[in-house]
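Here's a quick briefing on one protein model, meant to be read with the structure open beside you. Let's start at the end of a helix and work over to a sheet.

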Amino acid sequence: MATTVRRAVLTLPAAPLGPENPLPGLRPLDEQHVVDERSRERLPRDMARQVGYEPLRTLLPVRVLDGYGRERRETDFDAIVIENDRLRATVLPGLGGRVHSLLHKPSERELLYRNPVFQPADFALNGAWFSGGLEWNIGATGHTTLSCAPLHAAIVPAPDGGDMVRLWEWERLRDLPFQVDLWLPADSDFLYVGVRIRNPHERTVPTYWWSNIAVPEDEGTRVLAPADEAWHFGYERSLRRVPVPDSHGDGVDRTYPLRGEHPADYFYEVPREARKWIASLDAGGQGLVQTSTDELRGRKLFLWGAGRGGRRWQQWLTEPGTPGYAEMQAGLARTQLEHVPLEAGAEFSWLEAYGPLAADPGAVHGADWPAARAEAEARLEEALPRARVDAAYEAWRPYADHEPGESLATGSGWGALEVLRAGVKLPGTPFGEATLGEPQEPWLELLRTGTFPSPGEVAPPGPSLVAPHWRDMLETAPAEPLTEYHLGVAQWHAGDVAQAVRSWERGLQVTRSRWPLLRCLAVADRDAGNAGRAADHYAEAFEDLCRERGEGEAWAAATAALGREAIAALLAAGRTDAARGVWQGLPPALRASGRFRLADAQLLAAEGDKEGARAVFDAGFEVPDLREGAEILGEVWAAVSDEPLPDAYDYRMRPAAAE
């Protein structure tokens with residue numbers, strides 16, 4: 001059959017994403033992938049430099065997604081199906097362009113781990129993320145802020161004369177447009193993926209990319225890559241070089257994901273001259289292989305391990321009875337803790353290929369690691385020669401600029417706003433004015449008139465923009481309260497804390513809606529180490545929000561987010577009574593949610609009522625947006641009980657000695 005592209009609908013049990021958190025992300029969420037200074041001193045010079053290269057100070061201008069729950073209902077998702085007589089790829093343009101499924105038709109084998117549910121969890125840089133499939137991670141260390149966001153999608157001519165699906169968007173953490181082109185040559189067993197990231201600015205920009213491939217795992221699954229060493233990251237904030245496959249000198253071969261006890265990353269030290277590939281093969285030598293042109297140099301295995309915490313996270317991300325998974329990944333740098341400079345006006349581009357691999361199981365699972373690698377690489381060369389991948393990349397490059405034809409999906413309007421402001425030309429990835437919407441309207445007015453509009457009604461502030469050009473416009477706009485708020489947010493993002501505080505304080509003098517500014521000042525106080533003043537500002541902010549709170553999901557989201565932050569700040573300052581007052585000021589439905597059941601247990605423990613806090617745990621609760629690697633459940637439990645942490649609350653990703 002000829003290669004076809006068609007629209008489809010995928011129906012899954014799904015938890016709704018919920019509204020955006022209206023509080024600006026002045027600080028990153030707790031990111032686990034951080035290397036301490038002592039560990040960094042032992043790294044190669046180039047790696048150490050890139051590990052320390054412009055890590056995120058904020059999440060701005062992106063908003064946090066934390067309004068989801070755990071109750072799922074049947075939900076339809078728009079999908080794009082790319083199919084030839086060998087493969088069928090199902091893409092979800094509304095969820096970051098995730099490849100949900102890659103089915104090898106002759107063998108009827110699903111090559112990816114296909115999650116049977118859509119269950120957001122707090123793994124992305126901005127919160128909501130879901131497991132499974134093939135994911136495109138751009139921005140900064142961690143899962144992309146586009147994990148649960150729509151991308152633009154359209155049909156474009158493919159190099160072989162057929163159709164190609166183009167996904168594109170404007171990544172906002174680094175202000176970089178990117179595209180992902182997917183096509184299946186006729187009779188091909190491999191899905192080809194051309195990727196391009198462009199820097200339209202007059203400055204160098206830190207860049208990050210990792211393609212994340214979820215693959216099924218069982219006791220016989222082995223992950224192979226062309227390396228004898230790896231960089232191990234085990235969530236103890238250290239990065240160290242280890243041999244492969246016996247990476248810990250304990251006789252345990254962790255190229256089998258289920259043989260490790262705890263979650264861990266293994267970033268393979270792939271020689272520069274080696275072919276770039278990684279494969280997951282089962283006990284019979286069957287599985288998935290990914291390979292690429294040399295620009296995409298990094299390869300990684302992430303394993304959940306066989307311990308309680310890792311198993312619990314796996315269950316949390318899907319439903320009971322679902323098989324587990326491991327992640328193979330491919331990136332621009334050797335590790336995910338690095339950012340790579342992209343020069344002004346330059347681009348990164350490469351080609352990836354994904355398909356089935358069959359190898360001799362005796363060689364793949366033998367004790368001789370070099371022989372196992374050699375067997376997998378030889379079978380890959382037979383199935384898809386390295387020269388053919390390089391040739392496919394060269395053939396694709398002229399098509400990367402082709403203008404899209406039939407539209408398949410629409411992303412955000414933020415790219416259109418940036419193109420309109422800067423007048424940049426981006427052949428192949430149009431960001432048309434028709435995509436501008438309500439979130440962009442006030443910024444469009446600022447661009448055209450020099451004035452940021454005042455809101456027509458009292459409501460939580462809309463999203464802030466923080467790039468230097470927007471900050472300059474805010475600085476010259478009339479000093480209205482909302483302008484001062486957004487200006488302070490932009491100044492904070494730029495690292496100008498003193499100016500940000502002055503802007504927020506000026507806004508307070510003339511506004512009736514005080515809580516957004518007070519909350520920003522509270523974050524500044526907390527960062528400055530002034531816990532008492534932070535608590536004061538949080539208490540006043542929450543009281544003001546309750547006074548003016550209206551109906552609707554934006555107000556409900558603001559109440560939940562501010563209440564949570566206020567309780568934490570008041571407890572940190574030793575003001576348990578005031579923290580309890582905030583908890584009691586929440587709507588009853590919010591107090592009954594898992595997030596605030598945990599807060600209740602914390603409050604009861606602080607009030608000296610250990611039995612009451614223990615009773616909260618005994619009654620059972622779930623915190624839908626529990627952060628990856630979070631240990632708060634274990635910490636609160638330890639404060640109220642000497643018994644081992646129950647399985648239902650064990651999400652620990654580190655060995656006990658590292659806690």
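This is a predicted model: local features need pLDDT of at least 70, side-chain atom pairs count only at pLDDT 80 or more; totals for chains, interfaces and linings use all residues.

**Helix α14**
- α14 takes in residues 553-572, 20 residues in total.
- From first C-alpha to last it reaches 29 Å, close to the 28 Å expected at 1.5 Å a residue.
- Its buried residues include Trp-555, Leu-562, Gly-563, Ile-567 and Leu-570, and several alanines are among them too, such as Ala-557 and Ala-566.
- What covers those buried residues? The cover includes α12 (515-527), α13 (531-548), α15 (576-584), α16 (588-591) and α17 (594-606).

**The sheet**
- Nine strands make an open sheet with antiparallel pairing, in the order β15-β19-β20-β24-β12-β11-β10-β9-β25.
- β15 (222-224) and β25 (407-409) sit at the edges with a single partner strand each, so one side of each has no neighbour in the sheet.
- From one strand to the next, the twist averages 20 degrees.
- Strands β11 (176-183) and β12 (191-198) pair in the antiparallel sense over six bridges.
- Trp-183 has Tyr-192 in β12 as its bridge partner.

**Helices on the sheet**
- Helix α5 (369-383) packs on the sheet and touches β15, β19, β20 and β24, with its direction at about 75 degrees to that of β15.
- Helix α6 (386-396) lies across β10, β11, β12, β20 and β24, and runs at about 135 degrees to β24.

Definitions and conventions. Residues are numbered from 1 along each chain as its sequence is written. Side-chain values use heavy atoms; hydrogens and water are left out. Two strands pair if DSSP finds at least two bridges between them. Helices (H or I, at least four residues) and strands (E, at least two) are DSSP runs, numbered from the N terminus. Axes are lines fitted to C-alpha atoms, for helices over the stretch in contact, and angles run from 0 to 180 degrees between N-to-C directions. Contact means heavy atoms within 4.5 Å. The expected span of a helix is 1.5 Å times one less than its number of residues. Buried means under 20% relative accessible area, exposed over 50%, partly exposed in between (1.4 Å probe, protein chains only).
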